[in-house]
Amino acid sequence: MKKLFTLLLLFVSLFSFGQEIPENKGYVTDYENLFTEEQNKELTNLLESYKLETTIEIAVLTLPDFEGDVFDLAQNTAEKWGVGSKELNNGLLIVYSKNKNVLRIQTGYGLEAYLPDGWLKPTGDSIKIKYLSQGKYFEGFTELVNKIKERVEKNNYLEENKEVIEKYKKEHKEDESVFVWMLDNIPWYWWIIIIGVWLVILVINPSLAINILLLILTAGRSGGGGKGFGGGKFGGGGSRS
């Protein structure tokens, strides 16, 4: 019996090893082209901001097709990409294939207790029915990320890992956007002047005013689009929908 089990594990390992791992293109790797360029940027910004807030790394992968089981794909991809920090193993990979109608949420070791399979399964099912089956991919993924954030906070992840999170924030202060820095450092009375000047520019040159606003809102991040994740480990936790 033990020999049979060993051979089975060897077969699974060999099969998984041969599975092609998609190239990581950032926090959002959309090979199925489900998101517009603007939606991709917005979802990426959401995931980047969440990482800066909690150190939790969430990555999204969409594929029109793949070989083998989605569990193996998600597990091997998450490991190869190294989603999550080495210290907390707090990565999460969302794999979705519209063509195969499969959604897999893979959690790192450090998130398994906060996002149990018993919660992930019905949550994933709900997202598929309410959004993904209706072609509302951006709305669905945004809602899924927000539900994950709520669940993690409800289960006291932030409080239990407070010291590590605060340390990370201090070390990555330069990753904040210009807008966040301005909110933290500029007194309220200066905001009156800044907004007043911007409104004058808006009247004189609307295009310039909009470009200035976009520059402030998007400039300053040094994360590099999420291609270099932290090297987290995955233990097989997660759920398929």
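Both faces of strand 4 are covered in this predicted model. On one side sit V102, R104, Q106 and G108, and every one of them is buried. Strand 4 covers residues 102-108, and seven of its seven residues count as buried.

Next, look at the neighbour of strand 4. Strand 3, residues 91-97, runs antiparallel to strand 4, and six bridges join the two. Strand 3 and strand 4 form a hairpin with four residues between the strands. In this hairpin N101 takes a positive phi, near 55 degrees.

Now turn to the helices. Two packed helices are described by the angle between their axes and the distance between the axes. Helix 2 spans residues 37-54 and helix 5 spans residues 137-154. Their axes come within 11 Å and cross at roughly 10 degrees. Angles under 35 degrees count as roughly parallel, so helix 2 and helix 5 are roughly parallel to each other. Helix 2 makes the contact with Q39, E42, L43, L46, L47 and Y50. Helix 5 contributes F138, F141, T142, V145, N146, K149 and V152. By class, this contact has eight nonpolar, three polar and two charged residues.

Finally, step back to the whole protein. It has ten helices and five strands. Of its 241 residues, 40% count as buried. Among contacts with a separation of 6 or more, 75% are between residues 24 or more positions apart. The accessible surface comes to about 13700 Å², and 59% of that belongs to carbon and sulfur atoms.

Technical notes: Residues are numbered from 1 along each chain as its sequence is written. This is a predicted model: local features need pLDDT of at least 70, side-chain atom pairs count only at pLDDT 80 or more; totals for chains, interfaces and linings use all residues. Side-chain values use heavy atoms; hydrogens and water are left out. Buried means under 20% relative accessible area, exposed over 50%, partly exposed in between (1.4 Å probe, protein chains only). Two strands pair if DSSP finds at least two bridges between them. Axes are lines fitted to C-alpha atoms, for helices over the stretch in contact, and angles run from 0 to 180 degrees between N-to-C directions. Angles under 35 degrees count as roughly parallel, over 145 as roughly antiparallel, 65 to 115 as roughly perpendicular and the rest as oblique. Contact means heavy atoms within 4.5 Å. Ala, Val, Leu, Ile, Met, Phe, Trp, Tyr, Cys and Pro count as nonpolar, Asp, Glu, Lys and Arg as charged, and the others, Gly among them, as polar. Accessible areas come from the Shrake-Rupley method with a 1.4 Å probe; for residues, only the protein chains shown count as cover.
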